[in-house]
Amino acid sequence: MPAPIALVPLPRSVVWTADDPFVIGDGGAVLVAADQADFGALAATRLTEATGRPFTVGGRGPSVEFRLVEGGAAESSTVSIAADGVLVEASDPAGLWHGLATLRQVVRQAGPEVPAGRIEDAPRFGWRGLSVDIARHFFGPAELRLVVDLMAEHKLNVLHLHLSDDQGWRIDLPGRPELAARSGATAVDGDPGGFLTADDYRELIDYAALRGIRVVPEVDVPGHVNAALHAVPELTPDGAGVDVYTGIEVGFSKLAADLPATEPFLRDVFGDLAAMTPGEYLHIGGDEVHTMEPAEYARLVAMAAAAVRDAGKQVVGWQEIATTPLEPGTVVQFWDPREDVTPFVTAARAGAKLLMSPGSRAYLDMQYHEGFPLGLHWAGYVSLRDAYDWEPTTLIAGLPEDAVIGVEAAVWTETLRTLDELTTMLLPRLAAVAEVAWTSAEARGWEDFAARVAAQGDDWRARGIAFHPADGAQW
Ligand code: TNX
């Protein structure tokens, strides 16, 4: 018996049966193992919000049990719904979250009588990200928590934070307090800035981790560094520093490989970030250094990468770093489809991994269509269908099999000032990119997605989350 429930991203297997439904009635009980107490509390909160009925950990009433089991694939989950209870089984804590995310979508749509069935799921790619630029305009902890919620609801697992750029420096580092102190307050167009304190950052990491998401912080070097040069004058050749910059041009600012202050700056910044970040990766940027000779660029990328590796982390960088020698395991983030792809193929053959963020598909700051009031269009207009209808492994011909480790959407904030503006650009396209990252190529189809995504719109509307009723779906 098909139930009218539309899940995004599409799971591996969804079977609804004619058995008696799970009836929520006056609420229910969340059951978890003792060492999953934080997750249990979160699950109870989310189920309460989603159903409008009280769910409590270990409480009374029909039960929703979350259980870790041996042997499944990473991040996999099975949600079994029956009259006498719901059982969510997962192979790891992230899988528990994904099972809850599935169940949340089911109960939002089903109401108090949840149809019996079984949903088995596991992701296609292990890296399913969203890059958020909090440098051009600052988005603080409360706003980032909503972004994390939206990511988690779509089973994304990497929050990439673009923490520095020409217009502002957004994280307070203990070894370099002058960066946030002198360059934290500025933003594009003279708008108010801000920065994350070390506590804000740690709390955000914990908030995300409970939802199956790890944070990859980016400090962009050797270009996009005007805010750093403003805060640390020793990084400029004449030692005089630079003025604040609040425009939106790119490519003009740069570090200098020969200055004595440069390498200590890189070591301090990436050392602090490594100490503050539990995840495996730090992002060194590397994009759009339009006024530097290739040899100096390569020296600076190598310096930044060495600082990251010496601090015990793996390196991620924008695609331009593929023109320099890279250590195996380095993650190269593809973004500009206008460029020659030969260096990526060469880098991948030498052991680099590719993360796919093609501007024409995954850049959610691109306008939906001509004349859209927010966003840019250097990579074209990105309709909902454009964000959905692409295949990450065939974008770059000649890559070795398994070189593509995942998919990441990106939202740059030159034109985005408010949370409503940010979510309007994210939704519904984030759901589209999430399905590209999660669901197998064979199982995906635009018409089917367009029919399913509208149900998410009902959820966003009910929660007061701004989104764009994009062409292609019936909102
Ligand atoms: C390109 S993507 C950039 C950013 C801009 C973005 C705007 C990348 C690595 N660099 O600096 O914000 O375009 O879409």
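Domain bounds here come from an automatic or database domain assignment. On that basis the protein has domain 1 (13-121) and domain 2 (127-441), and their centres, taken over C-alpha atoms, are separated by 35 Å. The contact (heavy atoms within 4.5 Å) takes 13 residues from domain 1 and 10 residues from domain 2. This is a predicted model, in which local features need pLDDT of at least 70 and side-chain atom pairs count only at pLDDT 80 or more, while totals for chains, interfaces and linings use all residues. Residues are numbered from 1 along each chain as its sequence is written, and side-chain values use heavy atoms, with hydrogens and water left out.

**Overall form**
- The C-alpha atoms fill a box of roughly 75 × 45 × 45 Å along the principal axes.
- The radius of gyration, taken over C-alpha atoms, is 23 Å, which agrees with the value near 23 Å for a compact globule of 475 residues (rule: 2.2 Å times the number of residues to the power 0.38).

**Fold and packing**
- The protein contains 14 helices and 19 strands, which are DSSP runs (helices H or I, at least four residues; strands E, at least two), numbered from the N terminus.
- Of the contacts with a separation of 6 or more, 73% are between residues 24 or more positions apart.
- Buried residues (under 20% relative accessible area, 1.4 Å probe, protein chains only) make up 59% of the 475 residues.

**Surface and charge**
- The accessible surface (Shrake-Rupley method, 1.4 Å probe) is about 17,600 Å², and 52% of that belongs to carbon and sulfur atoms.
- There are 35 positive side chains (Lys and Arg) and 68 negative ones (Asp and Glu), with His and the chain ends not counted.
- The centres of the two charge sets lie 3 Å apart, with each charge placed at NZ of Lys, CZ of Arg, CG of Asp or CD of Glu.

Definitions and conventions: Buried < 20%, exposed > 50% of the residue type's maximum accessible area, 1.4 Å probe, protein only.
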